[in-house]
Amino acid sequence: PALLIGGPDERGPRPHPGRDPRGDERQPLPLRRLHQHRRRHRGRHAGGRPMNRFDYVRAGTVAEAVQAFGAGARFIAGGTNLIDLMKYEVEKPGRLIDITHLPLDRIEAHGDGLRIGALVTNAKVAYDDRVTERY
C-alpha cells in the first residue's frame with residue numbers, strides 16, 4: 001500500500017528515480033470511444049469479402065483420411081497455419097481433413113532409419129534418445 005500512496009519504499013532505490021515501475025498498473029481505461037457493436041455485415045469477415053466455403057472431415061482412421069483426400073483437399077492438424085493462410089486467401093482448399101485424432105504421433109525404427117509420424121511434435125523429436133544418438 002505504501003508503494004501506491006508514495007510512502008517510503010523499503011526495497012531500496014529504484015532504477016529510475018521519481019518513476020514508479022508499477023505506476024501504470026491501475027490506470028483507468030476510457031470507454032468513451034469504444035463501440036458496443038462494431039459495424040459488420042452478416043456472413044462476412046473483417047475484410048468485407050465473403051468467406052470461402054469448404055467441407056470439414058474429421059478422419060477416424062488413416063484409411064478414412066486417405067479416402068477423403070482428393071483434388072483441392074488439405075490435411076489439418078494441431079499447430080498448422082493453414083487457417084491463417086485461408087483468412088488471407090493464400091490457400092483456398094475445398095475440403096479440410098482433420099487428422100489430429102489419428103495415431104500418427106510416434107517415432108519408430110524403420111530399417112536403418114526412423115519413421116517420424118506426421119503428428120510428432122518438434123520437442124518430442126528433439127528429446128528422443130534415438131534421434132540424439134544417431135543424428
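**Entry 1: first look**

What pattern does the protein follow, read along the sequence? I read it as α-β-α-β-α-β-β-β-α-α. That comes to five helices and five strands. Helices (H or I, at least four residues) and strands (E, at least two) are DSSP runs, numbered from the N terminus.

A note to myself on the ground rules. This is a predicted model, in which local features need pLDDT of at least 70 and side-chain atom pairs count only at pLDDT 80 or more, while totals for chains, interfaces and linings use all residues. Residues are numbered from 1 along each chain as its sequence is written, and side-chain values use heavy atoms, with hydrogens and water left out.

I then looked up two overall values. Of the 135 residues of the protein, 16% count as buried; buried means under 20% relative accessible area, exposed over 50%, and partly exposed in between (1.4 Å probe, protein chains only). I also checked contacts, meaning heavy atoms within 4.5 Å. Among those between residues at least 6 apart in sequence, 33% join residues at least 24 apart.

**Entry 2: the strands**

I went to the open sheet and found three strands in the order E1-E3-E2, with parallel pairing. Strands E1 (55-58) and E2 (73-76) are the edge strands, and each pairs on one side only. From one strand to the next, the twist averages 25 degrees; axes here are lines fitted to C-alpha atoms, for helices over the stretch in contact, and angles run from 0 to 180 degrees between N-to-C directions.

Two strands pair if DSSP finds at least two bridges between them. For E2 and E3 (residues 95-98) I found four bridges in the parallel sense. Phe75 stands opposite Ile97 in E3.

Next I followed E4 (residues 107-110) and E5 (residues 113-116), which pair in the antiparallel sense over four bridges. Ile107 stands opposite Ile116 in E5. Their hairpin has two residues between the strands, and Gly111 there takes a positive phi near 65 degrees.

**Entry 3: the nonpolar core**

Which residues make up the largest nonpolar core? I listed nine: Ala59, Ala65, Ala68, Ala73, Ala77, Ile97, Ile99, Leu102 and Leu119. A core of this kind is a set of buried Ala, Val, Leu, Ile, Met, Phe, Trp, Tyr and Cys residues joined through side-chain atoms within 4.5 Å. I picked Ala65 to look at: not counting residues up to four places away in sequence, Ala65 touches Ala59, Phe75, Ile97, Ile99 and Leu102.

**Entry 4: an aromatic pair**

How many aromatic pairs does a search of the whole structure find? My answer is one. The rings of Phe69 and Phe75 have their centres 4.9 Å apart and their planes at 10 degrees, so I call the pair stacked. Rings of Phe, Tyr and Trp (its six-membered ring) pair if their centres lie within 6.5 Å; planes under 30 degrees apart count as stacked, over 60 as edge-to-face and the rest as tilted. Phe69 is partly exposed at 42% relative accessibility, and Phe75 is partly exposed at 37%.

Is Asp98 buried or exposed? I found Asp98 in strand E3, buried, with a relative accessible area of 6%. Its side chain makes a polar contact with the side chain of Tyr56 at 2.6 Å. A polar contact is a pair of N or O atoms within 3.5 Å; within protein, one must be able to donate a hydrogen and the other to accept it, and residues adjacent in sequence count only if both atoms are side-chain atoms.

The side chain of Thr100 makes a polar contact with the side chain of Asp98 too, at 2.9 Å. Thr100 sits in the loop between E3 and E4 and is partly exposed at 35%. Leaving aside neighbours within four places in sequence, Thr100 is in contact with Ile76, Ala77, Gly78 and Leu119.

**Entry 5: two last stops**

I found Glu89 in the loop between helix H3 (82-87) and E3. Glu89 has a positive phi of about 60 degrees although it is not a glycine. For background, most residues other than glycine have a negative phi.

Lys124 lies in helix H4 (residues 122-126). A polar atom of the Lys124 side chain lies 2.7 Å from the backbone oxygen of Asp105. Lys124 and Asp105 are 19 residues apart in sequence and 9.2 Å apart in space, C-alpha to C-alpha.
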